[in-house]
Amino acid sequence: MDVPLIDLKAQYQNIKGEINRAMEAVLASGIYILGPEVAKLEEEMARYFGVKHAIGVNSGTDALFLAVKALGIKEGDEVIIPAFSFFATAEAVTLAGARAVFTDIRADTFNLNIKQLEEKITPRTRAIMPVHLYGQPADMDQIRYFAGKHKLKVIEDCAQSIGAEYKGKKTGALGDLGCLSFFPTKNLGGAGDGGMVLTDNEEYAGIIKNLRAHGSSIKYIHSEIGINSRLDEIQAAIIRVKLKFIQAWNEKRRKNANFYNAGLKGVVLPFAPDFVKHIYHQYTVRIENGKREAFQTYLKEQGIATAVHYPVPMHKQEAYRKLGYNVSMPESEKAAGEVCSLPNYPEMTEEMLQYVAVTVNNYKQ
Ligand SMILES: *Cc1c(COP(=O)(O)O)cnc(C)c1O
């Protein structure tokens with residue numbers, strides 16, 4: 001049996017009629033960028049998250065970059081981020097001209113380690129950017145406590161956590177700004193790039209709307225140097241269809257994860273405290289003692305796809321080494337050497353889940 005990591009073709013087949021109708025309506029309308037579909041998606045997402053403003057942009061990376069810009073963060077400022085995430089989290093800060101200050105992660109949740117947070121704060125620190133990695137909320141109460149104590153802003157990277165909850169509240173609505181990605185493989189993905197910024201703050205929302213369209217709020221009149229980060233109508237129309245299914249899809253991912261948690265042996269299972277709702281955008285285990293590569297090869301031979309999210313922590317990436325970063329983040333480095341994501345997506349059948357579990361359990365180390 002072949003089990004891919006994710007199956008976007010199967011997802012499309014299940015909702016093909018609705019997706020095709022939505023796309024055809026856009027094509028027939030003649031309005032292709034920042035039109036009524038984007039406006040409706042922004043309204044629906046603001047309602048879904050319980051925030052005042054949702055601004056559609058071109059990618060999750062742009063969402064993070066524009067959130068940093070909205071706070072007026074610039075050269076000489078520092079933003080604290082976890083060393084273990086997708087590269088874009090750090091890139092957005094560096095692109096805005098500020099310094100990304102890396103913090104190590106918790107070994108159990110893979111999220112930013114609060115114990116090291118305060119020692120990273122300097123007079124130049126302006127914001128903390130937690131990542132809800134794999135769909136698991138970071139320690140938001142403590143992050144907000146330190147942010148309040150030191151007058152810092154909080155930008156949430158929710159690229160993997162749409163629908164995840166921390167103490168009953170959705171990630172994305174817990175900081176000053178929340179950033180979403182609609183990259184196709186994310187749990188709410190389009191058929192191309194897309195992203196969104198969430199905020200309750202009217203001033204930030206205004207700045208982001210202006211910057212996403214060349215620093216212009218009135219056609220051909222430019223008040224700032226902005227970028228082109230407009231969301232397409234086709235993407236918005238597709239995401240609006242999928243938004244109706246996100247709750248059910250997340251619940252299926254959680255159900256799959258519970259099945260794995262109850263049945264897998266010989267691997268280090270993911271951990272989630274009971275006050276968070278982990279949506280398992282990735283179901284990621286640890287394979288210890290340098291055995292990961294052999295484990296992946298074995299699963300591949302049995303038709304099961306796996307992936308490493310992520311093999312190199314930020315501070316070890318060449319891009320940051322070239323910028324003079326020379327720090328040590330033991331837990332991030334250890335995680336990078338051990339993590340392995342197993343197939344987990346809503347369209348997985350009972351047989352596929354059984355097959356993955358049995359195959360993992362038959363692995364002889
Ligand atoms: C995917 C991702 C991003 C970037 O989103 P894009 O839409 O691909 O630009 C940022 N942060 C994290 C944690 C991600 O997983």
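Predicted model: local features only at pLDDT ≥ 70, side-chain atom pairs only at ≥ 80, totals over all residues.
Local features need pLDDT of at least 70 and side-chain atom pairs count only at pLDDT 80 or more, while totals for chains, interfaces and linings use all residues. Residues are numbered from 1 along each chain as its sequence is written, and side-chain values use heavy atoms, with hydrogens and water left out.

The helix pair is H2 (residues 36–49) and H8 (residues 233–243); helices (H or I, at least four residues) and strands (E, at least two) are DSSP runs numbered from the N terminus. Their axes are 8 Å apart and the packing angle is about 35°, where axes are lines fitted to C-alpha atoms over the stretch in contact and angles run from 0 to 180 degrees between N-to-C directions. On the H2 side, the residues in contact (heavy atoms within 4.5 Å) include Leu41, Met45 and Tyr48, and on the H8 side they include Ala236, Ile239 and Leu243. The residues of this contact divide into nine nonpolar, no polar and five charged, with Ala, Val, Leu, Ile, Met, Phe, Trp, Tyr, Cys and Pro counted as nonpolar, Asp, Glu, Lys and Arg as charged, and the others, Gly among them, as polar.

At the ligand, an oxygen atom lies 2.7 Å from a polar backbone atom of Gly60. A ligand oxygen is also 2.5 Å from an N or O atom in the side chain of Thr61. Asp157 places a polar side-chain atom 2.8 Å from a ligand nitrogen; polar contacts are pairs of N or O atoms within 3.5 Å.

Two loops complete the picture. The peptide bond from His309 to Tyr310 is cis, with omega near 15°, and Tyr310 lies in the loop between helices H10 (292–301) and H11 (318–321). Lys167, not a glycine, has a positive phi of about 50°.

Methods: Polar contact = N/O pair within 3.5 Å; in protein donor to acceptor, adjacent residues only side chain to side chain.
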